[in-house]
Every structure is written in structure tokens, then in C-alpha cells.
Amino acid sequence: MGWLSVSLRSADLPWLPMAHVKWFTTTEPTAPAPLADVVNGTFLLGAGLTLLVALLLTFLNKPLQELGWVRRLHASLERLQPWTLWILRIGMSLPLILAGLDGYLFHYELQAIPGWVRWAQVALGVLLLLPRLSRVAAVGVGLLYLAGIVLLGAHPLLDYISWVGAAYYLAAEGKRGALPVLYITTGLSLSWAAVEKWVFPGLSLDILAREPIPTFGFEPHQFLILAGWVELGVGYLLITGVLNRLLSLVVTLLFVLTSSLFGGREIIGHWQLHAALLLFLIMGTGTHMTPVLWHKGRPLQLAFVGVTLAPFVAGLVVLYYALA
């Protein structure tokens, strides 16, 4: 599977910190950065900007979705709903097979796995493509995730918790609250990767030092902190249910742009997330009521988004340090 390996090439892409840096850095993570170094002026600036953008998007959430052309676009996308299970099957199958053949669990950083895990992963990837067996295979993917926690620990596996949501969606065939679970796990996966940029900044700084990537006047570390806030903000809004289709499109475009730098490894590594984001574009929020809509009236919705962001971030950071 050497064709999956790509060399880093010079490119003027400002979106690099959105990539999954552990797949590409030459630096091994050491001790986590002290919390006092993480929560600095730039971090607080990013928090304030993220809060403002989250509130603005919450304010625009309903008006934008009621525009005539937006409604027509949503109706066109919803015609693709019969294909959502196939989209997710393919989105899970391909990376499972390729990573298994290449000796990884799920993705490139999770190495040192027993041979039986590799071949179980390949087998599950094949079974996912068989509609009559895909539900059983999805349960198997969930068990594979638990096996990964036993073998490698909870910390690295939480980066890939979106796989749990995807497996549940397929096992439930999109019913029994499957869509909210997929939203939550995808948002958590993006947010967990954002915290990595704060707690282990050396991983991303290594790439920024080797590549001529514009930082728009910010110091590399400052730029990295703010990029982490962008990623976390998207994950948080996907979970709360604010402009889910728009955010899914934005993240998809960012992943496509970073693929022009990293090539095959970036594409395959994010294949499962691409499938989930495409499903979000087609489904929207479905028939379920998102957390932001639990609250009637725009003032309560704004208050909900504003109040819950801080404990959400604090909980992720505390958990990351506890498991790191």
C-alpha cells in the first residue's frame, strides 16, 4: 500500500491546520503543553470570536433556511435520501479495507495491532458492501472500536468516535435516533482533533515550520490556536444543530482543499467523514429536533448556544488532559 503514502509538498494553503496532522508530521508527541500555556490571550481571542460567530449563525439559522431558493435546494438534496445507507457503507468500507491491508486500525496513526484485527477489519469492510450483511458488519465495526480501546487505549480512539456513530447509523438503518447520534459523534471527532492542536501544538508546528503556509500575520502558534477554534466551532454547531447543511459543505470543501496538499492519504483518511458530511447535506437534520430547537424563540436559542459553549470546551479539554 505504498501508493497511499505521500510526500509533503510546498503549497500556499491556509487550511493546513484543519488536516489530521498526526498522519503527516515527523514529530512524535511528547508531554502535553501545560494548561497555563494553552489558555493564553490568543486562546481567549479565539473563544470570543467563536462565540460571536456561533451566536450570529444561530440568529440566522431559521431565516436562512426559510429562503425560497434554499428550500428548493434542500428539496432537491432530499431526493437522494434513498442512497444514504449506500453512501455510508462505501464511506466506511474503503478505509477499513485499505487501512487493514496496510496494517492500521481505522487510520494511519493507529499501528501495532494484531494480525487478527487487521484481517477482521478487512472482512468487515467487505461485508459492509453486502446489504443483507451490512447491519451485522456495522455491529462488528462497533466491537472493533472497543477492541481498539482495549489494545491502544481510549485517548487515540476518541479521535475516531465518528466511526461509532456511523456504525450505529448503519445498524439502525437510519432509524431510532441514528441521525442525532451521527451528528454528535462527528462533531465530537472534529472537536477532539481541535483540542489536539492546543494540547500537542508541536505536531502541527512541525508541519507549519516545513511548509510555506500563510498565517495571515499571526505567529504560527497563534494561527494554530485559532485554527483549532474554527474546527471546534464547527463540531459544536453540528452537535447543537445550527445550519448543519451549510457547515457540512464548508468542512467538505476544507477537506477537499487540504487533499490537494496531502493527496491519497488525506482523501482516504477522511473518507468516512466525507460520507457522513455528504449524508448531512442530503438529510439536513431530518425529522428530529436539534438541541438548539428545544428552546422556543430566538432569545432562548441564543442563550442556549452562548451558555453551553464554555462547559463543552472545558469538558473536552479536561478529558483530553485526563487521558493524554
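Is Thr-58 buried or exposed in this structure? The points below take up that residue after a few words on the model as a whole.

1. The model is a predicted one, in which local features need pLDDT of at least 70 and side-chain atom pairs count only at pLDDT 80 or more, while totals for chains, interfaces and linings use all residues. Residues are numbered from 1 along each chain as its sequence is written, and side-chain values use heavy atoms, with hydrogens and water left out.

2. The protein has 15 helices and zero strands, where helices (H or I, at least four residues) and strands (E, at least two) are DSSP runs numbered from the N terminus. Of its 324 residues, 52% count as buried; buried means under 20% relative accessible area, exposed means over 50%, and partly exposed lies in between, with a 1.4 Å probe and protein chains only. Among contacts between residues at least 6 apart in sequence, 79% join residues at least 24 apart, a contact being heavy atoms within 4.5 Å.

3. To return to the opening question, Thr-58 is buried, with a relative accessible area of 2%, and this residue lies in helix α2 (residues 41-65). Leaving aside neighbours within four places in sequence, Thr-58 is in contact with Val-242, Val-292, Gln-301, Leu-302 and Val-305. Thr-58 and Pro-299 are 241 residues apart in sequence, and yet their C-alpha atoms are 9.9 Å apart in space.

4. Gln-301, one of the contacts of Thr-58, has its place in helix α15 (residues 298-323) and is buried as well, with a relative accessible area of 13%. Not counting residues up to four places away in sequence, Gln-301 touches Thr-58, Val-292, Leu-293 and His-295.

5. Helix α2 also packs with helix α11 (residues 220-240), and the two axes come within 9 Å and cross at roughly 30 degrees. Here axes are lines fitted to C-alpha atoms, for helices over the stretch in contact, and angles run from 0 to 180 degrees between N-to-C directions. That makes α2 roughly parallel to α11, since angles under 35 degrees count as roughly parallel, over 145 as roughly antiparallel, 65 to 115 as roughly perpendicular and the rest as oblique. The contact is made by Thr-42, Phe-43, Gly-46, Ala-47, Thr-50, Ala-54 and Leu-57 of α2, and by Gln-222, Ile-225, Leu-226, Trp-229, Gly-233 and Leu-237 of α11. These residues divide into eight nonpolar, five polar and no charged, where Ala, Val, Leu, Ile, Met, Phe, Trp, Tyr, Cys and Pro count as nonpolar, Asp, Glu, Lys and Arg as charged, and the others, Gly among them, as polar.

6. Helix α5 (residues 115-127) and helix α6 (residues 134-152) pack at an angle of about 155 degrees, with their axes 9 Å apart, which makes α5 roughly antiparallel to α6. On the α5 side the contact includes Trp-116 and Gln-121, and on the α6 side it includes Val-141 and Leu-144. By class, the residues of this contact are nine nonpolar, three polar and no charged.

7. Helix α4 (residues 84-102) and helix α8 (residues 162-171) pack at about 135 degrees, with their axes 10 Å apart, and that makes α4 oblique to α8. Among the residues that make the contact are Leu-88, Met-92, Pro-95 and Leu-96 of α4, together with Trp-163 and Leu-170 of α8. The contact has ten nonpolar, one polar and one charged residues.

8. Phe-106 touches, among others beyond four places away in sequence, Pro-95, Leu-96, Val-141, Leu-144 and Trp-163.

9. Two backbone angles deserve a look, because most residues other than glycine have a negative phi. Glu-173 has a phi near 50 degrees, a positive value, and Arg-176 has a positive phi of about 55 degrees although it is not a glycine. Glu-173 is found in the loop between α8 and α9 (178-199), and Arg-176 is found in the loop between α8 and α9 too. Glu-173 is partly exposed, with a relative accessible area of 33%, whereas Arg-176, at 57% relative accessibility, counts as exposed.
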